[in-house]
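Subject: Structure handover and notes

Hello,

Here is the structure I said I would pass on. My notes follow below it.

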Amino acid sequence: MKVIITGALGHIGSRLIRELPLHFSNIDIVMIDNLKTQRYASLFGLPDVARYHFIEGDVTSMELAPVLSDADVVIHLAALTDAAASFDQPEEMERVNYTATKRVAEACAHAKIPMIHASSTSVYGTSKGKVDECCGDEDINPQSPYAEAKRNEEILIADLCKKGELQAMSFRFGTIFGTSPGMRFHTAVNKFCWQAIMGLPLTVWKTAYEQRRPYLDLSDAVRAVAFVIENRLFDGKIYNAVTVNATVHEVVDQICRHVPNVSVNFVNNRIMNQLSYHVLNTRLSAKDFGMKGDLGQAVKETLELLKNANAR
Ligand SMILES: NC(=O)c1ccc[n+]([C@@H]2O[C@H](COP(=O)([O-])OP(=O)(O)OC[C@H]3O[C@@H](n4cnc5c(N)ncnc54)[C@H](O)[C@@H]3O)[C@@H](O)[C@H]2O)c1
């Protein structure tokens, strides 16, 4: 099997390229990344169990057709991913992320290759309490330019599938936690782990402490991607992927089990709102796929990675 992964050196991709061979033997993995974020370390020490091929390229401009030939599936992860920073560059967010997804989707349609698209639970904005993929438009309320671009990408993918031009599905991933060689530290759980180890106060958005939001263990993200490929779930639908719905308070409690004297500093942020919601994996559960990740264990592993980074 030949798999193309865009954005392969990122937080999700750098774990996916190592673990997909555990699900599929005899696999060719073609990794595309523009190296803008310089995550060369994601390529260090790749296992011998797969055939890897790295292409430095930008999916908003590179020629995709020759790369896609003979592929069995494209997993599209390439994106600008800092939601909070996206307020300062809304046009760039739409230009890069939407254009990237459109180009990849059209190339997949042309080559008749199925596509997995990574969207985000940040497209939700509801005070309903519980929400799933079957919700109405009233529960979709992207709170940042990043989330708006994700929603527009979902619509694009669904339209192409409806017209019969593309076989694809979109994941709405919860905020990722868990370690990988290309991991980032600007999303909630990892950022708090970093701050705790560095002896800094945890910077929590003022409204967010008791709000419940969806998180996804990286190991579950990889398993869910493999499940979609194994079961050929390219039905044009959106699938939520969430391990746990937690409050920041609960995340901080997990960190406090390992790091003493953690303090919290409440700060303003442009994504602040009064919304607290719980995202259900209705469609994956209906296919008998269950999440196995563990927030406490992932927090422990993340802190462990950094344990000697700041002697006190
Ligand atoms: N990490 C999360 O919490 C999370 C949650 C929901 C959805 N997602 C989505 O999952 C996908 C992967 O997320 P991630 O956390 O691995 O992101 P990441 O920022 O860690 O990695 C993205 C990778 O894409 C590359 N890239 C960016 N633009 C590119 C382009 N135009 N051409 C080629 N490469 C490009 C970057 O260099 C980087 O290596 C993204 O679409 C993201 O929006 C992530």
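Aspartate 132 touches Tyr124, Asn240, Leu280 and Thr282, where touching, or contact, means heavy atoms within 4.5 Å and residues up to four places away in sequence are not counted. With threonine 282 there is also a polar contact between the two side chains, at 2.7 Å. A polar contact is a pair of N or O atoms within 3.5 Å; within protein, one must be able to donate a hydrogen and the other to accept it, and residues adjacent in sequence count only if both atoms are side-chain atoms. Aspartate 132 lies in the loop between strand 6 (130-131) and helix 4 (145-162). Helices (H or I, at least four residues) and strands (E, at least two) are DSSP runs, numbered from the N terminus. The relative accessible area of aspartate 132 is 17%, so the residue is buried; buried means under 20%, exposed over 50%, and partly exposed in between, using a 1.4 Å probe and protein chains only. From methionine 1 it is 131 residues away in sequence and 32 Å away in space, C-alpha to C-alpha.

Before the rest, a word on the source. This is a predicted model, in which local features need pLDDT of at least 70 and side-chain atom pairs count only at pLDDT 80 or more, while totals for chains, interfaces and linings use all residues. Residues are numbered from 1 along each chain as its sequence is written, and side-chain values use heavy atoms, with hydrogens and water left out.

Asparagine 245

Asparagine 245 sits in strand 12 (residues 244-247). It counts as buried because its relative accessibility is 11%. Its side chain has a polar contact of 3.4 Å with the side chain of histidine 278, and reaches the backbone nitrogen of valine 279 at 2.8 Å. Histidine 278 and valine 279 are also among the residues that asparagine 245 touches, along with Arg212, Arg213, Pro214, Glu250 and Tyr277, again leaving out residues up to four places away in sequence.

Leucine 20

Leucine 20 belongs to helix 1 (residues 13-23). Is this residue buried or exposed? It is buried, with a relative accessible area of 0%. Beyond its neighbours within four places in sequence, leucine 20 is in contact with Val3, Ile5, Ile27, Ile29, Ile75 and Ala226. Alanine 50 is 30 residues from leucine 20 along the chain, and their C-alpha atoms are separated by 8.9 Å.

Helix pairs

Two packed helices are described by the angle between their axes and the distance between the axes. Axes are lines fitted to C-alpha atoms, for helices over the stretch in contact, and angles run from 0 to 180 degrees between N-to-C directions.

The axes of helix 3 (residues 90-111) and helix 4 come within 9 Å and cross at roughly 20°. Helix 3 is therefore roughly parallel to helix 4; angles under 35 degrees count as roughly parallel, over 145 as roughly antiparallel, 65 to 115 as roughly perpendicular and the rest as oblique.

On the helix 5 side, Val189, Asn190, Cys193 and Ile197 take part, meeting Leu295, Val299, Thr302 and Leu303 in helix 9.

Cysteines

How many disulfides does the whole structure hold? The search finds zero, a disulfide being a pair of cysteine sulfur atoms within 2.5 Å. For cysteine 161, the closest cysteine sulfur is in cysteine 108, at 10 Å, which is too far for a bond. Cysteine 161 is buried, with a relative accessible area of 16%.

Positive phi

Most residues other than glycine have a negative phi, and most peptide bonds are trans. Glutamine 38 is not a glycine but has a positive phi of about 60°. It is found in the loop between strand 2 (28-33) and strand 3 (51-56), and is exposed at 54% relative accessible area.

Regards
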